[in-house]
Amino acid sequence: MVDKKSDVLQGTLDLMVLKTLHALGPLHGFGIARRIEQISDDVLQLNEGTVYTSLLRLQQQGWIASSWGVSENNRKARFYSITRQGLKQLALETENWERIAGVIGRVLRLEREG
Amino acid sequence: MRILREWAAKTQGLFMHGREDHELDAEIHDHLELLQERYRRQGMPAQDAAVAARRQFGNLTLLKERRRAQVRFLSPGEIWGDIRFGMRMILKKPGSNAAVVLALALGIGMNTAVFSFVNALLLRPPAGVRATGDLLEIWLHSRTSSGVQSYFPFTYPDYAYYRDHSRIFEGVLGFDGDGTRAIWNRSGEGQVIQGQLVSGNFFSLLGVNAALGRVISNADDQLGHPRAVVVLSHSFWQRQWGSDPAIVGRTLVLNGADFMVIGVAPAGFAGILVATEPDFWAPLTAQEQFTHDKDRLDSRHSNWLIVAGRMRIGVNAVQAQAEMHVFADRLAQEHPDSNKELDAIAYPAKLVPGPYRVYVRAFTGLFMAVFGLVLLIACTNAASLLLARAANRTREMAIRSALGAGRGRMIRQMLVESLLLSSIAGGAGVLLAWWIARLLLELVPPSLPITLEVPLDWRVLLFTVLVSVVTGLVFGMVPALRSARVDAAPALKEETRSAGVRKSRLRTVLLIGEIATCVVLLACATLCVRSLMHANSIDPGFDTRNIAIATLDPGTLGYSPQKVAAFYRQLMERVRALPNVTAASYTKHLPLGTSREQTTVGKDRSKESDLIPVDVFRVNPGYFATLGVRFLRGRDLTQKECDDEAAGAVVINEVLARKVWPGQDPVGQRIAFGGEKNTSEVVGVVKAGKYRSLGEEPIPVVFRGSLPPARTLVIRTSGDARPLLEAVRREVHVVDPMMVATDLQTIEEYMAFPLFPARTTGFLLGASGILAVALTAIGLFGVIAYVVSQRTHEIGVRMALGARRTDVMRLVMRQGLYVTVVGLGIGLAAACAAARLLSPLLYGIGANDPATLAGVAAGLTAVTMLACYLPARRAMQVDPAVALRYE
C-alpha cells in the first residue's frame with residue numbers, strides 16, 4: 001500500500017516540475033521548490049530534496065536538460081529547462097491527468113447524487 | 001525504451017559519478033543555504049534556521065541513496081557487503097554447506113570434464129593455424145550409400161583437379177589422413193616414427209612458419225620430381241635431437257632413402273587432424289618412398305587424402321559448397337567409372353573430420369545429458385536444503401524487512417549466498433574436471449595411436465563459470481523468492497512452529513523430481529554396466545588369453561618379395577624356438593580391429609549376381625591353432641597353399657558353409673571369388689566368431705593365403721604372454737636390425753580396443769549412477785531430518801497425548817515413502833523412454849530389461865528408506881517432557 005501511494009506522488013511531482021519549467025522557463029532547483037510551494041499554498045507537504053530526485057529522473061528520461069549559469073543573486077547554479085521531448089511528454093501527461101481527474105470527479109459526483 | 005534510457009544513464013554514471021556527486025552536493029548545499037537565509041530573514045536565530053531548513057529539505061541521506069540507485073547499477077561497496085555477509089552465513093554452517101558444495105562440485109566437475117572433451121574434439125581450432133574460420137574441409141560423399149562409410153577422402157587426381165580449378169579458394173591443401181609410418185635408420189638400428197605427407201602449400205595455407213630453417217614449399221612437392229626433404233616436429237626435434245640448432249641440412253635415412261631436414265615446425269603445431277602427432281612432414285609427391293606404391297598418385301581408386309581449402313576474402317561457405325558440387329559433377333562426367341555418384345561436401349575445418357562429427361556429438365551429447373541430470377539432482381538437493389534453511393531464517397528476514405529492506409534487496413542477499421556456494425563449487429569442479437579428464441584418457445587402449453590434448457582453456461573455463469552461475473541461480477531462486485515473501489508482523493511476534501503447508505509441498509515436489517531423475521540415471525547406468533559385463537563375456541570366437549601379437553612391415557624398407565619371405569621365415573623359426581611358445585603364425589590383420597578386407601564369393605560357375613559378400617582374412621598355417629579357433633570339418637591350409645594363390649585352397653567359417661551349401665558338406669567343394677578367374681577348393685570349415693564388432697550378427701568369412709608384406713605376428717604361449725613381447729622385439733632385431741616390431745601387445749590389451757566404447761560408457765554412466773544415488777540419499781536424509789527437527793515440538797505433543805513410538809515412526813516414514821513411491825513411478829516411466837535411446841550401445845540386453853528396472857526400484861527404495869529411517873529413529877527418541885519444556 002505504502003508503495004502505491006508514493007508512486008502516485010512521484011508521478012505528480014514530476015508533472016509539477018515539468019509544468020513549472022514549461023511555465024517559467026529555465027530555473028534552478030531552489031526556484032522550482034519555491035514555485036511549487038507558492039502554488040500549492042501549503043496544501044502539499046513537500047520534502048524539497050525530492051525535487052532533486054525528480055529532476056534527475058526527468059533528466060534521465062531526456063525530458064529536461066541542465067546547464068550551469070549564474071543566479072539572480074550572483075551565485076553559480078544549475079539551471080534546468082524543458083526539452084522538446086519534455087514538452088510532448090507534458091502534453092501527454094496533462095491530458096492523462098485531466099482525463100483521470102475528470103473520471104474521478106464524475107464518480108464522486110455520482111456517489112453524492114445516489 | 002524507458003528502461004533502456006535508465007540503463008544508459010546508469011552506464012554513464014559508471015564513468016562520471018565522481019564529478020556528478022560533487023555537483024549535486026554543491027547544489028544541495030546552496031539550496032539549504034538559501035532556505036536558511038530565508039528563515040533568518042524571517043527573524044529566526046541562526047541555529048534554528050539551519051534545523052528548519054534541513055527539516056524542509058527532507059532526508060539528505062535517503063536522497064543521496066536514491067540518487068545512487070538512479071545513477072548506478074550497484075555500488076561495489078554494497079556487493080562486497082553482501083559477499084562478506086554471505087560468507088559469514090556460509091561459515092556459520094560449515095557442515096551442511098560443505099555437503100552442498102561437494103555435491104555441486106561433483107555435478108559441475110563431471111559436466112566440465114565432458115565439456116573439455118567436446119572442446120578438445122569439436123570446438124578448439126587446430127593449434128598454431130592462422131584464421132581457422134576461413135578453412136573448409138572437403139570430403140567426397142557417395143550418394144548411393146549412407147552413414148560414415150559413405151564419405152571418402154580424396155584421390156590424388158581428384159585433389160589436383162580441385163586444387164587447380166578452384167576460384168573460391170585461395171588454395172587447396174591435402175595430406176594423408178592415415179599418417180605414414182617410417183623406419184628411421186639411426187646409425188644401423190631401426191626406429192619407427194610417424195610422418196604425415198603434405199602438399200607443398202600445406203604450411204603456407206595454414207599460415208605456419210618454420211621455427212628453424214624453412215617449411216615445405218610447392219617447389220619441394222613437384223609431381224614427377226619430388227625433393228627428398230622433411231620438416232621435423234618441434235617435439236621430435238627436442239626429444240631426439242636435444243633441440244640441436246644445427247639440424248637443418250642434416251640427412252635422415254627413412255625407409256632406406258636419404259631425406260634432408262629443411263626445417264623444424266613451431267612448437268605446438270601438430271597438423272589439423274585430431275589425435276595425430278606427426279614426427280615429420282614430407283612432400284606428398286615423395287609418397288613412393290614411404291608406401292612403395294608406384295601408382296598411388298595416378299590412381300582414381302586410392303582414396304587417401306584429407307583435403308582442405310582456405311577461402312578467399314569475401315567468399316562464404318555456401319559459395320564454396322556450390323563450387324564443390326560443380327567440380328564433383330564435372331569429375332563424375334569425366335570419370336564415370338570412379339567418380340559416378342560422388343559428391344563433394346565442405347565442412348568448417350575442425351580437428352575431428354566433418355563426417356565423424358555427428359558421432360562425436362551424439363556420444364558427448366549423451367554424456368552432457370546424463371551429467372546434466374546429475375547436476376540437476378545436486379541443484380535440487382541444494383534448493384531443498386536452502387529452502388529448509390530459509391524457513392529457519394524467517395525471523396532474520398522479517399527484521400530486515402521491518403528495517404526497510406526492499407524485496408529486491410532481500411532476494412539479492414539470498415542469491416549472493418547461493419552464487420557464492422556455486423562459485424566455490426565451480427572452482428572445485430574445475431580441479432575435479434582436470435583429474436577426471438586425465439582418468440578418462442587412461443581408458444584409451446594403448447593399441448589406439450591417439451595422442452589427445454584435452455586442455456582446460458578459456459572455453460572450458462567460461463563454460464564452468466556459466467554453469468556455476470546458472471546452477472547458483474537455479475537452486476537459489478526459489479528459496480530466495482520464498483524468503484523475501486515474508487510477512488514481518490507475525491514472524492516477529494512469535495516464531496511459528498509449523499513448517500507451513502505450502503513450503504512442504506514445494507519440497508515434496510523437489511524430492512519427487514530428484515528421485516525420478518535418479519531412477520532414470522540409475523536404470524541407464526545399470527543397463528550399461530550390465531551390457532558391459534555381457535560384452536566382456538561375449539565369445540569373440542578366439543582365445544583372449546596367453547597370446548602375444550606384434551605387427552611388422554618389411555615392405556616399408558622396400559625389400560623384394562623374396563627378401564620379405566626370407567625375413568618372415570627366419571623370424572618364425574626363431575619365434576617357434578622361444579620357450580613356452582606352443583604355436584605361432586602370421587595374419588594380414590586380426591578380427592575386431594580397424595582393418596577389413598571384403599570380397600564376394602559363390603559356388604563354382606554361379607552368376608556374378610548370386611555372389612554374397614564376405615570378409616576375407618589372409619592367414620598362414622597354424623593361425624587357427626594359435627588363436628584357438630576350432631575346426632568343425634576338414635583341415636588347415638598348408639604353407640604351400642598359403643604362399644601360392646594358384647594352389648587354390650581356402651578355409652571358410654560355418655556361416656558361409658550354411659549359406660552356400662546348406663545341408664551339404666562343403667569340404668571338397670569349389671568356391672568362386674568375384675572378379676577372379678580361378679576357383680578354389682574348400683579344405684576346412686571353422687567355428688564362427690566375431691569379426692567386425694562384438695555386437696554383430698554372425699558374418700560369412702573366408703580364410704586364404706597370399707599375405708602382403710605388412711603382417712601381424714600371433715604367438716600362443718603356455719604361460720603369461722607379457723614376457724614374450726620383449727623376446728619378440730629382440731628376435732626381430734636379431735633377424736634384421738633395421739626391422740622394428742610395432743604394436744607389441746598381449747591379446748588382452750588388444751581386446752581393449754573393441755571393448756573401448758562399452759568400457760567408457762560403462763565407466764561414465766556407472767559413475768553418474770553412483771553419484772545420483774548418493775546425492776538423492778543425502779538430499780532425502782537432509783530434508784527428512786530437517787522436518788523431524790522442525791516437528792520435534794509436535795511429536796512431543798503427540799507422544800504426550802498417547803502416541804506410541806511406532807506411530808511416530810510411521811508418521812515420519814510415511815512422508816518418505818510417499819515421495820519415494822511417486823518418484824519411482826515417474827522415474828520408471830521416464831527410464832523406459834531414455835533406455836530406448838541407449839539401445840544401440842547395449843550388448844545382449846534389452847533396453848527395457850525388467851530385471852534391471854526391478855533391481856533399480858528395489859535398490860533405490862532400500863536406500864531411501866534408510867535415509868528416512870535414521871531421522872525417524874531420532875524422532876522416536878523424542879522425550880515429550882523435553883520437547884514441551886523447550887517451548
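This is a predicted model: local features need pLDDT of at least 70, side-chain atom pairs count only at pLDDT 80 or more; totals for chains, interfaces and linings use all residues.
Two residues are taken to be in contact if their C-beta atoms, placed from the backbone, lie within 7 Å. F567(B), Q570(B), L571(B), R574(B) and V575(B) of α18(B) meet V728(B), E731(B), V732(B), V734(B) and V735(B) of α22(B). By residue type, this contact comprises seven nonpolar, one polar and two charged residues. Helix α18 of chain B spans residues 561-576 and helix α22 of chain B spans residues 722-735; the two pack at an angle of about 140°, with their axes 10 Å apart. Angles over 145 degrees would count as roughly antiparallel, so at about 140° α18(B) and α22(B) are oblique to each other. Their crossing is right-handed.

On the α25(B) side, the contact is made by R805(B), V808(B), M809(B), V812(B), M813(B), G816(B), T820(B), L824(B), L828(B) and A831(B). Facing them from α26(B) are L853(B), A857(B), L860(B), T861(B), T864(B), C868(B), P871(B), A872(B), A875(B) and M876(B). Of the residues in this contact, 15 are nonpolar, four are polar and one is charged.

The largest nonpolar core has 225 residues, and V374(B), A382(B), V519(B) and C524(B) have the most contacts inside it. Leaving aside residues up to four places away in sequence, V519(B) touches G823(B), L824(B), G827(B), L828(B), A831(B), V856(B) and L860(B). Among these, L824(B), L828(B), A831(B) and L860(B) also take part in the contact of α25(B) with α26(B). Another core, of 22 residues, lies apart from the largest one, and its members include L55(A) and I64(A) as well as L35(B) and L63(B).

Chain A can be described next. Its secondary structure comes to four helices and two strands, which follow the pattern α-α-α-β-β-α along the sequence. Chain A has 114 residues, of which 28% count as buried. Among its contacts between residues at least 6 apart in sequence, 49% join residues at least 24 apart.

The contact between the chains takes 16 residues from chain A and 19 residues from chain B. On the side of chain A that touches chain B, α2 (29-40), α3 (49-61) and β2 (76-82) each supply at least two residues. Helix α3(A) gives the most to this side, with eight residues. The residues on this side of chain A divide into four nonpolar, eight polar and four charged.

One further residue of chain A deserves a look. L108(A) has its place in helix α4 of chain A, which covers residues 84-113. Is L108(A) buried or exposed? With 9 other C-beta atoms within 10 Å, L108(A) is exposed, since a residue counts as exposed if that number is 12 or fewer. The C-alpha atom of L108(A) is separated by 33 Å from that of T53(A), 55 residues apart along the chain.

Key:
Residues are numbered from 1 along each chain as its sequence is written. Chains are lettered from A and ligands numbered from 1 in the order in which they are written. Ala, Val, Leu, Ile, Met, Phe, Trp, Tyr, Cys and Pro count as nonpolar, Asp, Glu, Lys and Arg as charged, and the others, Gly among them, as polar. A nonpolar core is a set of buried Ala, Val, Leu, Ile, Met, Phe, Trp, Tyr and Cys residues joined through C-beta atoms within 7 Å. A residue is buried if 20 or more other C-beta atoms lie within 10 Å of its own, exposed if 12 or fewer, and partly exposed in between; C-beta atoms are placed from the backbone. Axes are lines fitted to C-alpha atoms, for helices over the stretch in contact, and angles run from 0 to 180 degrees between N-to-C directions. Angles under 35 degrees count as roughly parallel, over 145 as roughly antiparallel, 65 to 115 as roughly perpendicular and the rest as oblique. A crossing is left-handed if the near helix is turned anticlockwise from the far one by less than a right angle, and right-handed if clockwise.
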